[in-house]
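This briefing concerns charged side-chain pairs and an ion site. Please consult the sequence and the model while reading the points that follow.

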There are 2 protein chains.
Amino acid sequence: MAWLAASLGLLFRVNIISCLLLCYLLLVLLGGAVFTAVERPVEEKLRAEVEELRRSFLQEHPCVEESRLRELLGKVLSAHRGDVAVLKADTDDRHYDFTSSLYFVIVTLTTMGSDSYTPKSEEAKLFCIIYCTLGIPFTLFLLTLLSKLLLHVVTHAPVHHLSTFWGLSYPRAALLHAGLLFVLIMCLLFLLPAFLICEVEPDWNFMDALFYCFVILSTVGQGGNSLGRSWSPAAKETLELLTTCK
Amino acid sequence: MAWLAASLGLLFRVNIISCLLLCYLLLVLLGGAVFTAVERPVEEKLRAEVEELRRSFLQEHPCVEESRLRELLGKVLSAHRGDVAVLKADTDDRHYDFTSSLYFVIVTLTTMGSDSYTPKSEEAKLFCIIYCTLGIPFTLFLLTLLSKLLLHVVTHAPVHHLSTFWGLSYPRAALLHAGLLFVLIMCLLFLLPAFLICEVEPDWNFMDALFYCFVILSTVGQGGNSLGRSWSPAAKETLELLTTCK
Ligand SMILES: [K+]
Ligand SMILES: [K+]
């Protein structure tokens, strides 16, 4: 009898796990399908624009051979990958200084990752590996401490207060608190920062800014566009420091 | 007396936390200083190379004005940020298809982040936010399940085996096991993949490949260079699928 119960229990657990895996597979396939459908037209439009740009440049400058231009663009793009200032206008304000270094250290330790810079020399890569092997667990440990503290201050204490002093039943107090907390978090961590970002970054719309807040807070990382590409050096340093303190 | 003990306990805890925070601050500052020292010369060398490239192109093609070239480069670079194929050679093999979509979904859900693609349309960004809000916790939940399973199979069971059947004392068995596991993990997750990457990617040296393995496994994300930039479409798709299954 005990054997039967144990077998049934095991079967049940295996079933739950395969169910979860199946759900996950479906979720991933759904994501893939939606992104393909939504992004392909946008991608094709951008591609056509760039092609048109290159073609009209070649037409206006008959002395330039297509192969030479392609070579230049290829080298410039591969250098840009390593975040070198390619345009003269950029040359002054993108020095690799201590602020950038600190910014890189913080986004790496929080596993957010920066797209705008990656170590280029062998020594820096080796140091980065050793540094992160110690630094990332330490960072996660401190963040866990902080989240435990926040969990008490933000969750347990207010629910207790609501249920004791306002005379609400515990489930009702928890529900009310969850609703209020959701609104507060949305405002303070998403809507307000997104609004401020729209103010300082004229090219971005609200959705860009909201998306930016989301990828930073979920530690997914910035991907293509990062803030402050068109800013003065001083504004950039302020931004980097701000993100660092976040 | 109890009050004194409680105060001392609190003081001790506060001291430990401030100690930890101080250590962390020092760690971050050290990282910042080292990266600045190591990377500045490399950055300056790359910058000079690109500047020289642009200058010699202008000299060879007198019909091209500096301002027009700068404009073209600027537009091409900003389009490249959005991952559009700028060079004609690229045009055929970088279609945004279902494989890329799946790859994007997986690297986003594991919070690794892809630098080579970011949603461009409003709909895709909105969908990404909602999708990740559900998908990232689900992914982390499944990964936690997997790590619990692995913890038993890889850690508890062998140590138990060593101490029972080989007659080793428990601490000694744990030490021996930790050593063996470290060597195994280094070989299977770092050295072997790095060696294979060096084979397929002729431009990369061993440190590049090791660094790539590290940033993927730590979910920091690829930053500047990602694998397969110079590959055929088929090889790229294989790579994307492989990374997806990892
Ligand atoms: K991450
Ligand atoms: K990341």
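B:K125 is buried, with a relative accessibility of 5%. In this predicted model, B:K125 forms a salt bridge with A:D208, with a distance of 2.3 Å from N to O. Across all chains, 4 salt bridges are counted.

**Salt bridge between the chains**

- The A:D208 and B:K125 side chains meet at 2.3 Å, N to O, and this pair crosses from chain A to chain B.
- A:D208 belongs to helix 7 of chain A, which covers residues 206-217, while B:K125 belongs to helix 5 of chain B, which covers residues 122-165.
- A:D208 is classed as buried because its relative accessibility is 15%, and the cut-off for buried is under 20%.
- B:K125 is likewise classed as buried because its value of 5% also falls under 20%.

- A:E52 and A:R55 form a salt bridge in which the closest N and O atoms are 3.2 Å apart.
- The two residues are separated by about one helical turn, because A:E52 and A:R55 lie 3 residues apart in helix 1 (residues 2-60) of chain A.
- A:E52 has a relative accessible area of 41% and is partly exposed.
- A:R55 is also partly exposed, at 41% relative accessibility.

- In chain B, the side chains of B:E52 and B:R55 form a salt bridge at 3.2 Å, N to O.
- Both B:E52 and B:R55 are found in helix 1 (residues 2-60) of chain B, with a spacing of 3 residues, or about one turn of the helix.
- B:E52 is partly exposed at a relative accessible area of 40%, and B:R55 is partly exposed at 42%.

**Potassium site**

- The potassium ion (ligand 2) is coordinated through O atoms of A:T111, A:M112, A:T219 and A:V220, together with those of B:T111, B:M112, B:T219 and B:V220, at 2.8 to 3.1 Å.
- Within chain A, A:M112 and A:V220 link distant parts of the chain, being 108 residues apart.
- A:M112 sits in the loop between helix 4 (98-109) and helix 5 (122-165), whereas A:V220 sits in the loop between helix 7 and helix 8 (233-245).
- A:M112 and A:V220 are both buried.
- A distance of 3.3 Å separates the potassium ion (ligand 2) from the potassium ion (ligand 1), and A:T111 coordinates both ions.

Note on methods. Residues are numbered from 1 along each chain as its sequence is written. Chains are lettered from A and ligands numbered from 1 in the order in which they are written. This is a predicted model: local features need pLDDT of at least 70, side-chain atom pairs count only at pLDDT 80 or more; totals for chains, interfaces and linings use all residues. Side-chain values use heavy atoms; hydrogens and water are left out. Helices (H or I, at least four residues) and strands (E, at least two) are DSSP runs, numbered from the N terminus. Buried means under 20% relative accessible area, exposed over 50%, partly exposed in between (1.4 Å probe, protein chains only). Donors are N, O and S atoms within 2.8 Å of the metal (3.2 Å for Na, K and Ca); water is not among the atoms, so sites may look incomplete.
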